Amino acid sequence: MHIEPGLVSEAKIALSYATAAAAGGVALYHIASATKERGLTSVAMRSLIATAGVFCFFEVLPHFPIGVSEVHLILGSTLFLILGAGPAAIGLAMGLLIQGLFFAPFDLPQYGMNVTTLLVPLFALFEVSKRVTAPGTAYVDLQYRQVLALSLVYQGGVVTWVAFWAIYGQGFAAANLAAIGTFGVAYMAVVLIEPLVDLAVLAAAKAIRASGSVLVTPRLYTAA
């Protein structure tokens with residue numbers, strides 16, 4: 001879902017600094033909440049796992065340039081369900097930054113847009129999860145329809161933000177709208193894969209029964 005260089009001009013790119021700063025502020029809230037809940041060591045370890053995962057999602061898993069951006073299997077809902085919102089936010093931001101610094105420096109000017117595109121849907125996912133998941137349900141006991149709903153929220157949010165940046169940068173020209181549509185259709189295909197990955201990971205977590213582990217979010221095994 002990288003925003004391609006040149007899609008948003010330098011004259012307009014300042015908006016991305018503001019949106020990234022706002023997303024960073026919300027991320028700090030979730031990080032503080034996670035630290036209060038399980039401690040700094042747990043947050044640090046989960047963040048490292050998330051960062052390594054995100055880096056692999058971007059650099060190791062297949063990704064294809066389609067329309068105005070690239071289609072990646074980001075697995076944002078998987079990170080959220082296993083690690084929690086705070087560590088997942090750190091992982092998304094740091095994985096993206098590491099990729100830009102060492103493998104794709106041409107992406108660094110778009111970092112604000114890209115990190116906004118990844119984090120804001122994560123925070124929307126957190127809010128929706130409180131409505132989709134009953135208070136007495138641990139994440140390992142989620143059903144397919146619930147996991148699908150969470151995946152739709154995250155991936156739909158990513159597509160929405162990519163569309164916003166493309167229209168903000170290039171306007172409503174027919175070619176631009178067609179490229180956005182092509183990207184959106186291709187990217188939503190990820191929704192067919194991500195819930196299955198989520199369920200497989202949750203089933204493995206349930207089998208392991210690692211309740212109380214500092215490597216996972218408490219909600220994975222414990223009802224809210």
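Biologist: In the protein chain, what share of the contacts with a separation of 6 or more comes from residues 24 or more positions apart?
Modeller: Such residues account for 82% of those contacts, a contact being heavy atoms within 4.5 Å. Please note that this is a predicted model, in which local features need pLDDT of at least 70 and side-chain atom pairs count only at pLDDT 80 or more, while totals for chains, interfaces and linings use all residues. Residues are numbered from 1 along each chain as its sequence is written, and side-chain values use heavy atoms, with hydrogens and water left out.

Biologist: How many helices and strands does the protein chain have?
Modeller: The protein chain has eight helices and two strands, and along the sequence they follow the pattern α-α-β-β-α-α-α-α-α-α. Both are DSSP runs numbered from the N terminus: helices are H or I with at least four residues, strands are E with at least two.

Biologist: What box do the C-alpha atoms fill?
Modeller: Along the principal axes, the box is roughly 50 × 35 × 30 Å. The radius of gyration is 17 Å, which agrees with the value near 17 Å for a compact globule of 224 residues. That radius is taken over C-alpha atoms, and the globule rule is 2.2 Å times the number of residues to the power 0.38.

Biologist: And how many of the 224 residues count as buried?
Modeller: The share is 48%, where buried means under 20% relative accessible area, exposed over 50% and partly exposed in between, with a 1.4 Å probe and protein chains only.

Biologist: Which residues touch the most other members in the largest nonpolar core?
Modeller: Among its 56 residues, they are Leu79, Leu92, Leu119, Leu122, Tyr154, Leu202 and Leu220. The largest share of this core, nine residues, comes from α6. A nonpolar core is a set of buried Ala, Val, Leu, Ile, Met, Phe, Trp, Tyr and Cys residues joined through side-chain atoms within 4.5 Å.

Biologist: Where does leucine 79 lie?
Modeller: Leucine 79 is in helix α3, and its relative accessible area is 7%, so it is buried. Beyond residues up to four places away in sequence, leucine 79 touches Ala50, Val54, Phe57, Ile74, Gly84, Ala88 and Leu92.

Biologist: What is tyrosine 154 in contact with?
Modeller: Apart from neighbours within four places in sequence, the contacts of tyrosine 154 are Ile74, Gly76, Leu92, Leu118, Pro121, Leu122 and Leu125.

Biologist: Changing topic, is leucine 75 buried or exposed?
Modeller: Leucine 75 is buried, at 8% relative accessible area. This residue is found in the loop between β2 (69-71) and α3. Although leucine 75 is not a glycine, its phi is positive, at about 60 degrees.

Biologist: How many aromatic pairs are there?
Modeller: The count comes to nine. Rings of Phe, Tyr and Trp (its six-membered ring) pair if their centres lie within 6.5 Å; planes under 30 degrees apart count as stacked, over 60 as edge-to-face and the rest as tilted. One of the pairs is phenylalanine 80 with tyrosine 139, tilted at 5.9 Å centre to centre and 45 degrees between the planes. This pair links distant parts of the chain, 59 residues apart: phenylalanine 80 is in helix α3 and tyrosine 139 in the loop between α5 and α6. Both phenylalanine 80 and tyrosine 139 are buried.

Biologist: Which residues form one aromatic cluster?
Modeller: Trp161, Phe164, Trp165 and Tyr168 do.
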